[in-house]
Amino acid sequence: MQVLGLETSCDETGVALFDTRRGLLAQALHSQVRLHAAYGGVVPEIASRDHVRCLLPLVRKVLEEADVRRADAIAYTAGPGLVGALMVAGGLANGLGLAWACPVIPVHHMEGHLLAPMLEHDPPDFPFLALLVSGGHTMLVLCKALGDYQVLGTTQDDAVGEAFDKCAKLLGLGYPGGAVLAELAETGNPSAYAFPRPMLSRPGLDFSFSGLKTAVMLQVRQAGDAGLLDLAAADIAASFQSAAVDTLVARTLKAAAQVDAKRIVVAGGVGANLLLRKQLAARFDGRVFYPRLEYCTDNGAMIAIAGALRASDAVEASEIRALARWSIESLRPPLAA
Ligand code: KG4
Ligand code: ZN
């Protein structure tokens, strides 16, 4: 069975074709990052317009590359995300579903992220603990089986990717600057500034990053006033990254101990962070699974494989599902499971 995956929930247009026997046949990705950079954040209307422009050409490219004329099913991200942007993939998925007389499968974006490691040769078995860390989410999820998810902790304010992006912006590194900040941090001293690790002394498994962001803001202002920001930037980046990663790792290890996890999956854009990978590998007494770097950020391949695993949930092309909010805990195992 060949499943076409379409992703347009935010600022990347992703398309991929996944074959349940042969694996990923082709994929294409278009990032809108440059379009939104001038505004310092994603502008929903600009995102939708660009998905409209790019999606169909990317589908053509993927089908040509895989040398097929059509797919057996079409999976699309139905939420959570920007509704106007989601509707672009939802509309095309249903249109193609009618044209090809094939089923469509609405996919939860975060389930796509946490199933992305299944694209690798040595995928994790259930159950596992997932740390989902992106620009919009920071979550610890106990994944007991496909579609059986329990959220153990989440952020009370900013997502960790958002904190990386805001600190990068304060340091003049552009938007979204998470990856650039991480690169700059490599050259800085992580102990130069003692930024807070706010939730670590508190019970529970929730996160909070707004206090850390404010502490960075004050430090940037102080360095700027003294005309020393250029000199201090790498140290501030390294100290921020160290505080953010410490917080993620400590919370994840605490959750792993509570549920006796043998495996951890790290997914979402911040999963590309090398310090996070290094620290988890060093401190967790089990196996940590990651998607390869290109599947950490939004892409069509994770939607295609999630769709393939949920093929029994496929419906006839009819209504477009586009949900701004959609709890991952409300998902159920696929009908055939
Ligand atoms: O999963 P993703 O592509 O999009 C969302 O669904 O949000 O994640 C994007 C986020 C951005 O905040 C970006 O700055 C962050 O992931 N990011 C990183 C790194 N690479 C991307 N954050 C820290 N270190 C990185 N190496
Ligand atoms: Zn995402």
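The model is predicted: local features need pLDDT of at least 70, side-chain atom pairs count only at pLDDT 80 or more, and totals for chains, interfaces and linings use all residues. Residues are numbered from 1 along each chain as its sequence is written, chains are lettered from A and ligands numbered from 1 in the order in which they are written, and side-chain values use heavy atoms, with hydrogens and water left out.

**View 1. His109 (NE2), His113 (NE2) and Asp298 (OD) coordinate the zinc ion (ligand 2) at 2.0 to 2.2 Å.** Donors are N, O and S atoms within 2.8 Å of the metal (3.2 Å for Na, K and Ca); water is not among the atoms, so sites may look incomplete. The donor residues follow the spacing H-x3-H-x184-D. His113 in helix H4 (residues 109–115) and Asp298 in the loop between helix H10 (293–296) and helix H11 (300–309) link distant parts of the chain, 185 residues apart. Helices (H or I, at least four residues) and strands (E, at least two) are DSSP runs, numbered from the N terminus. Both His113 and Asp298 are buried (under 20% relative accessible area; exposed is over 50%, partly exposed in between; 1.4 Å probe, protein chains only).

**View 2. Five strands form an open, mixed sheet in the order E3-E2-E1-E4-E5.** Two strands pair if DSSP finds at least two bridges between them. Strand E3 (23–31) and strand E5 (104–108) are the edges; each has a single partner strand, so one side of each lacks a neighbour in the sheet. The twist averages 20° from one strand to the next. Strand E2 (residues 12–19) runs antiparallel to E3, joined by eight bridges. Leu17 stands opposite Ala26 in E3.

**View 3. Helices H2 and H11 lie across strands of the sheet.** H11 lies across E1, E2, E3, strand E4 (73–79) and E5, at about 135° to E1. Axes are lines fitted to C-alpha atoms, for helices over the stretch in contact (heavy atoms within 4.5 Å), and angles run from 0 to 180 degrees between N-to-C directions.

**View 4. Strand E9 (residues 263–267) has four of its five residues buried, so it is largely enclosed by the rest of the structure.** Strand E6 (residues 128–133) pairs with E9 in the parallel sense over four bridges.
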